[in-house]
Amino acid sequence: MRGETGVCRGNGGPQTFINKRGAEGGSAAPRGKQTLKTVYVGITGDIIHPGIVNIIHQASLYGEVLVGLLTDTAIVRYKRLPYLSYEQRRQVVESLRDVSRVVPQEEWSYIPNLRRHRPDFIIHGDDWKTGILAREREDVYKVMAELGGRVIEIPYTPGLNSTAFSESVTSIGTTPDLRLKALRRLIDAKPVTRIMEAHSGLSGLIIEHMELLKEDGVHRFDGMWSSSLTDSASKGKPDIEAVDITTRLQDLTQILECTTKPIIYDGDTGGIPEHFVFTVRTLERNGISAVIIEDKTGLKKNSLFGAEVEQRLAPVEEFQAKIQAGKKAQVTGEFMIIARLESLIAGGSVDEALARALAYVEAGADGVMIHSKETSGGDIEDFCRRFRRVYAGIPLVLVPTTYNRFTEKELAAWGANVIIYANHMLRSSYPAMVKTAQAILEHERSLEADQFCMSIRDILELIPGGK
Ligand code: SPV
Ligand code: MG
């Protein structure tokens, strides 16, 4: 019942072939517990509702219930990260009366676990006849036949299923604690964690809800980037640390109020260590997952100017001390301080960036971000591969704004595991606003501008609850 499914007891349940525990009626009847057959049930176990309890109970009528509990990695191929960690979910599921054993299901597909554990039955709600599980269903039938086992399908009652519950939980929101911890879990669970820039509640909502079903699963953005460039630009200010953290947090609060996904905060240089410690605490308190600080000093200018402007690097020891001060200040174990290497931006070499990266990790950085304005990507690839030879598991963040022809898969092959699209929501909205304003000036009415706008109905209905 990997999420979509639940069954409602006494309402179209399997009573056509089950009377009482172990009682049989017809060829589809359960064989009874005494035979110690194994019944496989795949679940996410994030929200245990009566539908799940019932299907596990129905499974127990056929034999010992072996729960395949989907790991975070398995779940995020198609669904959002569960609220509870795998360990927490395992504890809950193991405590259910009818469950005999819990094993991890490491993949979205049941097949590897069916082959490994060779159950006599697999039980599933009949809602998998359509939708994203339909093909999986066919494969499960084939494999179970091969193994000499059987598939049991149970009618389910719409509404009483994990996805419906999960949606209502999402609409309620999240807590700072859950949100903060989600980034590390995503990095652990996914080959690439996909982060998109948000500068307002509305841009945050798009990132929160957009999903695309593709061959290999459901694609979505995993979290948001609070960019200093777009936060500044949307206020008509240059990206020079002129917008203070208090002001930026006001915008961030709008995003926090209408989204649940984790946020990475662009902390610019982090300021002086004495100030940075307060920034860390403030971000943490608000449920932000990570801050990225860059190893520049003096008046900060946007990195994409490259050497057109003065880009001065901070002395290594000075930046290490800032990282250390931040790490000491944080309250939770999960908040991340990510060191951003600006060597390539300042005209330095990959060697220099690498030496600095190693020094920052030694100082306690939880991850590194390498930045470049080169379009070839060669310098970034070189850095990534060499960094990965030293540190296989330290999160490596890329911001492929200029070398944007590389796909996420290609960047992941270099060793990256977090990709930030740093400014695209603001950059794409601006041209539409310019065209609209121009059209109105030109035609002295708004009719011609309508083609650049969403309809009034759409804007009215965009956010639920307006009526
Ligand atoms: C930002 O988005 O503000 C960044 C990334 O720091 S960049 O603009 O590429 O420097
Ligand atoms: Mg910035």
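Asn-302 places a polar side-chain atom 3.0 Å from an oxygen atom of ligand 1, a polar contact being a pair of N or O atoms within 3.5 Å. The protein covers 100% of the 280 Å² of accessible area that ligand 1 has on its own (Shrake-Rupley method, 1.4 Å probe). This is a predicted model, in which local features need pLDDT of at least 70 and side-chain atom pairs count only at pLDDT 80 or more, while totals for chains, interfaces and linings use all residues. Residues are numbered from 1 along each chain, ligands are numbered from 1 in the order in which they are written, and side-chain values use heavy atoms, without hydrogens and water.

**Contacts of ligand 1**
- In Ser-227, a polar side-chain atom lies 2.7 Å from an oxygen atom of ligand 1.
- The side chain of Asp-266 has an N or O atom 2.8 Å from an oxygen atom of the ligand.

- The residues around the ligand (a heavy atom within 4 Å) include Trp-225, Leu-229, Arg-340, His-371 and Ala-422.
- By class, this shell has four nonpolar, five polar and two charged residues.

**Aromatic pairs**
- The whole structure has eight aromatic pairs (ring centres within 6.5 Å, with the six-membered ring used for Trp).
- Phe-383 and Phe-387 form a stacked pair, at 5.8 Å centre to centre and 10° between the planes; stacked denotes planes under 30 degrees apart.
- Because they are four residues apart in helix α14 (residues 378–390), Phe-383 and Phe-387 are separated by about one helical turn; helices are DSSP runs (H or I) of at least four residues.

Note on methods
Polar contact = N/O pair within 3.5 Å; in protein donor to acceptor, adjacent residues only side chain to side chain. Nonpolar A, V, L, I, M, F, W, Y, C, P; charged D, E, K, R; others polar. Phe/Tyr/Trp six-rings, centres within 6.5 Å; stacked < 30°, edge-to-face > 60°. Helix = DSSP H or I, 4+ residues; strand = E, 2+ residues; numbered from the N terminus.
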